[in-house]
Amino acid sequence: MSKVYIALQDNDESRYIAEAIEEDNDGCSVIHQPAMIRIEREGKLVINRESVEEKMGRDWDVQELHINLVTIGGNVDESDDYFALEWNQ
Amino acid sequence: MTIEIKTDAMEPIRHTYDHIARRFGDKPASRYQEASYDVEATINHHYKPLWAPDKLINDPSWTAVKMNDWHDLKDPRQFYYGTYVQARAKLQDVTESNYAFFDKRNLGARLPESVRDETLKCLLPLRFAEGAANMNNMYCASRAVSLIVRQAFVYAAMDRLGTAQYVSRIGLLLDGNSAETLVAAKQDWMEAPQWQPMRHHLEDVMALTDWFETFIAQGVLMDHYTYSVMFQAWDESISAQGGGDIAMLLEFMQEWFKDASRWDASALKVVIAESDQNKTLVNGWLDTWRDRARAAVKVVAETTSMDVEAAFVAADADLDKRLKKAGI
């Protein structure tokens, strides 16, 4: 199976998001590139609103993800509570 | 000729300050971490506080609560100066426009007489309670250890000054800037029998030396009852009588309380989880102050038109739930 990935601009906000992703997705690899954080994982990646809110210490709308989003790979499944990437079989 | 663009990743020599890296590992740290952790001097103090000869500067013995590391009381809102100011500026923008709207439309003039009277009698004297809360929070900030804890109290103290000002402005909106409502409110605070238990409670809290007890008596108990009864239940009651315009002016207090409760709850939880000894201490303080705080607010609530019993049932249940969550 191929990897899904997401890349975020490396800034104060994305660091919390990356931390939340790292915690919620066992075995994902976080690659710090110049000005960008790339996160990859075999199969599936999930960003949960609750985890990000806990890291940031404030309310967070999943759509705010787009402010810092550089690129994604995978089919998107999103709701008010999460944003998930997965290759449809 | 072809030009080949090549990127070259340069690893920064260090990701954060050494003292932050020792705590969290050498990776990019958040602003909150960099601004808050291990900033205070803990050894080699140049001066002793001459006003307390048996203590050192930043002395943990100002409270009987023992923590291995006071830095464990992380603020869930992650407020350092920058984020705190931004958050409050946002809240204040909304509040200012509410007050401006109230003033521009002269909404004070169409308030029912009974609501206006209640506002003057039951809300305005709270500006002095807010002043006391400011002092009590400042005391906690001055005696606590670690910037993590201190800054949360300083921000709370500043917020209380802000709230006192907003309450005063409600008076000014209703008396056409003559300030006569504020003079009357001072009189009530000093002399009216319904305000004396609250004044007594707050002044006793000012005289405490253990700052964590101050925090329990003020932040955890008094604020809980004042805000859930006087700013929330009362607000609903006057809204039902056509005083919804006043409710617009209380939005700041309600939002603030929601925000402050997050810090109160998390600080309490960490301290209780640390040791049984802490838990016993906190329990003792809750027993000492809870009924007094409750009774003090109740006397005031009884002079209003709200359903006092229902308000206190809700406030008690809410407090029990919060304390249970914190581990009591």
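## A tour of two chains

Start in chain B by selecting B:Leu126, B:Arg127, B:Glu130, B:Gly131, B:Ala133, B:Asn134, B:Asn137, B:Met138, B:Cys140 and B:Ala141 in H5(B), which meet B:Arg150, B:Phe153, B:Val154, B:Ala156, B:Ala157, B:Arg160, B:Leu161, B:Thr163, B:Ala164, B:Val167 and B:Ser168 in H6(B). Residues are in contact if their C-beta atoms, placed from the backbone, lie within 7 Å. These contact residues divide into twelve nonpolar, five polar and four charged (Ala, Val, Leu, Ile, Met, Phe, Trp, Tyr, Cys and Pro count as nonpolar, Asp, Glu, Lys and Arg as charged, and the others, Gly among them, as polar).

You are viewing a predicted model, where local features need pLDDT of at least 70 and side-chain atom pairs count only at pLDDT 80 or more, while totals for chains, interfaces and linings use all residues. Residues are numbered from 1 along each chain as its sequence is written, with chains lettered from A and ligands numbered from 1 in the order in which they are written.

Now show H5 (126-143) and H6 (147-174) of chain B: their axes, lines fitted to C-alpha atoms over the stretch in contact, lie 8 Å apart at about 165 degrees (angles run from 0 to 180 degrees between N-to-C directions). The pair is therefore roughly antiparallel (over 145 degrees).

Next, move to chain A, where three strands form an open antiparallel sheet in the order S4-S7-S6 (strands are DSSP E runs of at least two residues, helices H or I runs of at least four, numbered from the N terminus; strands pair if DSSP finds at least two bridges). Select A:Glu78 to find A:Phe83 of S7(A) opposite. Finally, show helix H2 (49-56) of chain A, which lies across S4 and S7 of chain A.

How values were computed: Parallel < 35°, antiparallel > 145°, perpendicular 65-115°, else oblique. Contact = placed C-beta atoms within 7 Å.
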